[in-house]
Amino acid sequence: MEIGGSTILYACVYATILMGFFGIIFKEHLVMKIIAMDVMSTGVVALFVLVAARTGVRTPILTEGASSSYADPVPQAVILTAIVIGFSIQALMLVGVMKLARDNPTLEARIIEKGYEP
Amino acid sequence: MTPLATPPLTMTPFTILWITLPFAVGFSIYLLPQVDRILTLAVTLVSVAYASALVFQPEALTIDLLDSFGVSLLADKLSAWFILTNALVTAAIVLHGWDSPKTEFFYTQLIILHGSVNATFICADLISLYVALEMVGITTFLLISYPRTDKTLWVGLRYLFVSNVAMLFYLMGTVLVYRTHQSFAFEGLRGAPIEAPALILMALLVKGGIFVSGLWLPQTNVAADSAVSAMMSGAVEKAGVFPLLRIALTLEELEPVIQTFGMGTALLGVTYALVSTDAKRVLACSTLSQLGWLLVAPAVAGFYALAHGLAKATMFLTVGQLPQRDLAQLRQRPIPTALWIPLTVGSLSISGAPFLAGFGAKVLTLDALLPWQATVMNTAALGTAATYAKFIFLPHRPTLVMAGDNAPKKGFWLAIWLLLCSVIIASAGYRDAYTWANALKVLAFLGGGWLVYGLLRRHLTMPVPRAAEEFEPLIGGMSVMLVVLFWMVWSWSVA
């Protein structure tokens with residue numbers, strides 16, 4: 001297999017997703033876990049953008065002598081929804097963590113888990 | 001026959017109106033906070049009407065909104081059963097909270113949750129499903145953390161975390177499907193690279209609470225308010241299961257994979273439920289097991305979902321009224337018979353006793369299976385009967401009346417009446433089940449289960465290690481499930 005620019009880009013995107021995922025597991029601090037989740041979702045967004053750019057990177061605007069190598073707008077439109085949802089979930093989580101921080105100032109997930117076992 | 005073109009034409013606007021109504025009402029509750037309960041109840045009635053209209057629809061309703069990349073909906077009889085379950089459970093929750101000091105915020109979230117769960121039951125493309133499932137995740141988080149104690153906040157946060165990470169994997173799966181077919185339709189899973197079905201199935205298993213990915217479920221249900229647990233077990237977790245059923249029915253090569261997970265879940269959940277001592281935990285683990293029952297026979301899962309949703313919601317609401325949740329202590333002190341009756345009817349229905357909805361559902365599911373699968377599920381049925389014997393054989397006294405803050409309010413009784421009447425009426429849903437052979441089989445399960453319970457009662461309180469239910473193992477478990485699913489899809493369906 002020839003290793004071209006797009007293969008390297010794919011590798012970087014998947015590496016971002018994986019690093020975010022491992023961050024969620026291995027970081028102790030709750031805020032760090034949330035940031036790791038954001039890194040992972042950034043990777044997923046990048047994957048959508050990369051798939052959209054498969055046929056070209058031009059903006060698909062109808063003009064005289066239109067170029068055929070334009071980016072596919074559908075994945076880009078779809079991922080906008082996911083960005084908004086991801087952003088709102090992150091906001092909600094940070095609010096939740098702020099409230100938890102009053103009684104658990106260290107915010108270490110393992111200790112909080114132990115404290116609230118039903 | 002005359003052409004049947006007219007009903008779909010009238011159904012399309014009705015569908016669109018029905019799917020937007022909960023959101024419109026949800027956001028306008030803040031303008032009219034005095035009538036929050038009435039508005040919420042009215043929306044559930046519209047859902048009941050819609051589900052009934054779907055049942056009489058001769059063929060499945062497919063709607064494509066906008067163009068080829070727009071939203072596509074598919075509503076058929078399977079959806080109708082799930083919508084009906086969701087509507088009845090939501091209505092019961094509204095009635096249950098009628099005379100409680102819950103604010104309009106609660107009802108806004110409840111009705112938006114109702115709407116987004118309905119949306120998962122009729123959407124037919126991967127992206128609409130994504131949006132609906134994320135909505136379900138967010139509103140469920142808000143409902144779980146509504147009491148705003150640290151404990152519910154943490155459990156809600158945990159739920160949101162697990163569900164959002166699963167949905168990120170889901171998105172990766174959808175983009176792989178899109179890259180292959182330039183479309184987001186469910187059929188696109190066929191022919192897409194094997195990673196796509198593996199990623200999407202994994203995410204749905206987590207959302208639906210299936211097998212080890214579903215181990216977030218017991219703790220979440222135990223910590224949440226009993227009305228919220230009733231809503232989660234009765235309707236919300238089915239939002240993750242329904243797309244799995246849809247996929248199993250659309251792509252028959254994935255059906256064995258999904259059935260295998262169903263059987264695994266049924267056995268795992270029932271084992272957990274058998275050895276638990278906390279009443280709410282028993283119910284939550286049993287939900288895990290019952291969700292597995294839905295998956296083993298996708299074609300007939302609709303009726304099972306209705307039967308389970310109604311009975312489980314009844315039991316969660318009733319357990320919320322008990323003076324304590326520890327079953328060992330409940331065996332020492334009698335409970336009022338008025339509370340024991342709904343517990344027993346719910347238990348009998350889930351165990352599959354005749355003249356209750358669970359009987360038809362169980363027979364229907366067992367008839368749809370291959371012999372070796374039926375053997376596995378018979379074992380699970382026996383375990384279910386033994387589990388619910390814990391509730392049936394609780395001591396009770398008719399003279400006991402609950403007083404003080406603990407006393408059940410009028411809304412509670414209305415909710416229980418609604419659910420129990422539905423359980424009994426729904427037993428007419430599958431009348432062919434009533435043969436002597438079926439009745440004897442089910443009674444043998446009941447008798448066998450109760451015998452197992454009687455013999456093993458002393459030993460049924462093993463402490464189960466909770467390590468697998470903690471936050472980090474749950475997230476890490478997703479990667480393991482991905483590998484397992486990848487291998488399953490690769491070796492079973494492609495070869």
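Let's start at B:Lys102, a residue that is buried, with a relative accessible area of 15%. In this predicted model, B:Lys102 forms a salt bridge with B:Asp225, and the closest N and O atoms are 3.8 Å apart. B:Asp225 sits in the loop between α8 and α9 of chain B and B:Lys102 in the loop between α3 and α4, so the pair ties together parts that are 123 residues apart in sequence.

B:Glu253 is partly exposed at 26%, and B:Arg190 is partly exposed at 36%.

Now for the contacts between chains. A:Glu113 and B:Arg158 meet through their side chains in a salt bridge (3.2 Å, N to O). A:Glu113 belongs to helix α4 of chain A and B:Arg158 to helix α6 of chain B, so the pair joins two chains. Both residues are buried. Over all chains, the structure holds 11 salt bridges.

B:Val35 lies in the loop between α1 and α2 of chain B.

How far can you trust the details? The model scores ipTM 0.95 and pTM 0.94, and the mean pLDDT of chain B is 91. Over residues 1–6 of chain B, however, pLDDT stays under 50. Where pLDDT is low, the predicted coordinates should not be read in detail.

Conventions: Residues are numbered from 1 along each chain as its sequence is written. Chains are lettered from A and ligands numbered from 1 in the order in which they are written. This is a predicted model: local features need pLDDT of at least 70, side-chain atom pairs count only at pLDDT 80 or more; totals for chains, interfaces and linings use all residues. Side-chain values use heavy atoms; hydrogens and water are left out. pLDDT is the predictor's confidence in each residue, from 0 to 100. Contact means heavy atoms within 4.5 Å. Helices (H or I, at least four residues) and strands (E, at least two) are DSSP runs, numbered from the N terminus. A salt bridge is a side-chain nitrogen of Lys or Arg within 4 Å of a carboxyl oxygen of Asp or Glu. Buried means under 20% relative accessible area, exposed over 50%, partly exposed in between (1.4 Å probe, protein chains only).
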